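Here is a set of questions about how one model is described. Each reply puts a value next to its cut-off and concludes.

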Amino acid sequence: MAAFDWNFQPKLDRRTVEELLSLAFVERAEDLLITGKTGTGKSHILQAIALKACEQEWAVRYSRCVDLVDDLYAGLADGSYNRRMQRWARPALLLIDDVGLGQLKRQGDEPTAAHILYTLLDKRHGKVATALTSNLKLSAWGKYLGDASLAAAALDRLAATATRIDIDGPSYRQHLARKRAEESGRAIVQDGEAEEP
Ligand SMILES: Nc1ncnc2c1ncn2[C@@H]1O[C@H](COP(=O)(O)OP(=O)(O)OP(=O)(O)O)[C@@H](O)[C@H]1O
Ligand SMILES: [Mg+2]
């Protein structure tokens, strides 16, 4: 988090994030849900927590949501679903990044992503910690994951113990893009000035 600009996101409660970085929530087998618009720093914070947990030698697994669901669909195809599910269910800290980004590639009569996430969260709930990020409002998870009731059941399990953070602020990506544009604009002016006799 050394590179994180707290002033850029004034509505984000620094104390809550620092408390999470202490990893007490992993010890207590609690959950974490970070929501907010694109570019607001959700994955940045999640990855900082992952790194910290690795440093402290917790068993950690990190994945984007689409990759996790794809891995389990592959398990349905080759008969390794239960083994793969166990591998996602076991670690003391599982970080599922970017729920809502990317296309979930369900085929034929395969279970929905909602079913897969529900099963996984149900196995983990109360035993080990799970942290998720999403750019979607919680009310939109059902549509994205393909089953409103199962998405609600998955979220209900999270709601029981999860720390909730909603980052209500601007996109740092856009901020960087604007900064780069300004800098390159200035550089062109400076180049022109340098050429003058
Ligand atoms: N407050 C901040 N200070 C410094 N860098 C930041 C800050 N917020 C975000 N960034 C950087 O901006 C980029 C975008 O942030 P990040 O990927 O965390 O956004 P996100 O909320 O996960 O967006 P998305 O919903 O699109 O996945 C990253 O390179 C991240 O390191
Ligand atoms: Mg992200």
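## Reading the labels

The model is predicted.

Q: Which residues of H8 are buried?
A: Leu-150, Ala-151, Ala-154, Leu-155 and Leu-158. Each has 20 or more other C-beta atoms within 10 Å of its own, because that is the cut-off for buried.

Q: How do you know where the buried residues of H8 sit around the axis?
A: The five buried residues, Leu-150, Ala-151, Ala-154, Leu-155 and Leu-158, cover an arc of only 135° around the axis, so they are on the same side of H8. On the other side, Ser-149, Asp-156 and Ala-160 are exposed.

Q: What span does H8 reach, and what is expected at 1.5 Å a residue?
A: H8 covers residues 148–161, which is 14 residues. The first and last C-alpha atoms are 21 Å apart, close to the expected 20 Å.

Q: What makes the span of H3 agree with its number of residues?
A: H3 has 14 residues, which should span 20 Å at 1.5 Å a residue. The end C-alpha atoms of H3 are 20 Å apart, so the two values agree.

Q: Which residues of H3 are buried, and how do they fall around the axis?
A: The buried residues are Lys-42, Ile-45, Leu-46, Ile-49, Ala-50 and Ala-53. Down the axis of H3 they fall within an arc of 140°, so they line one face of the helix.

Q: Which residues are closest to ligand 1, and how many surround it?
A: The closest are Gly-41, Lys-42, Ser-43, His-44 and Tyr-172, and 19 residues surround the ligand. Helix H3 (42–55) and helix H9 (172–195) are the elements that give two or more residues to this shell. H3 gives the most, with three residues.

Q: Why is Glu-57 called exposed?
A: Glu-57 has 8 C-beta neighbours inside 10 Å. Exposed means 12 or fewer, so Glu-57 counts as exposed. Glu-57 lies in the loop between H3 and E2.

Q: What is the phi of Glu-57?
A: Phi is near 65°, a positive value in a residue other than glycine. Most residues other than glycine have a negative phi.

Q: Why is Asp-98 called buried?
A: Asp-98 has 20 other C-beta atoms within 10 Å. The cut-off for buried is 20 or more, so Asp-98 is buried. Asp-98 is in strand E3. Asp-98 too has a positive phi, about 60°, although it is not a glycine.

Q: How do you know that E3 is largely enclosed by the rest of the structure?
A: Strand E3 covers residues 93–99, and seven of the seven are buried, so the strand is largely enclosed.

Q: Which strands are joined to E3, and how many bridges join them?
A: Five bridges join strand E2 (residues 60–64) to E3, and the two run parallel. Five bridges also join E3 to E4, again running parallel. On the E4 side, the bridge partner of Leu-93 is Ala-129.

Q: Why is Phe-8 called partly exposed?
A: Phe-8 has 13 other C-beta atoms within 10 Å. Exposed needs 12 or fewer and buried needs 20 or more, so Phe-8 falls in between. Phe-8 lies in the segment before helix H1 (14–21).

Q: What is Phe-8 in contact with, leaving aside its neighbours within four places in sequence?
A: Tyr-172 and His-175. The C-alpha atoms of Phe-8 and Tyr-172 are separated by 7.9 Å, though the two are 164 residues apart along the chain.

Q: What makes Lys-137 exposed?
A: Lys-137 has 10 C-beta neighbours inside 10 Å. The limit is 12 or fewer, so Lys-137 counts as exposed. Lys-137 is in the loop between strand E4 (129–134) and H7. Lys-137 and Lys-37 are 100 residues apart in sequence and 9.1 Å apart in space, C-alpha to C-alpha.

Terms used: Residues numbered from 1 in each chain as written. Chains lettered and ligands numbered in written order. Predicted model: local features only at pLDDT ≥ 70, side-chain atom pairs only at ≥ 80, totals over all residues. Near = placed C-beta within 6 Å. Helix = DSSP H or I, 4+ residues; strand = E, 2+ residues; numbered from the N terminus. Expected span 1.5 Å × (residues − 1). Arc of directions from axis to C-beta. Pairing = 2+ DSSP bridges. Contact = placed C-beta atoms within 7 Å.
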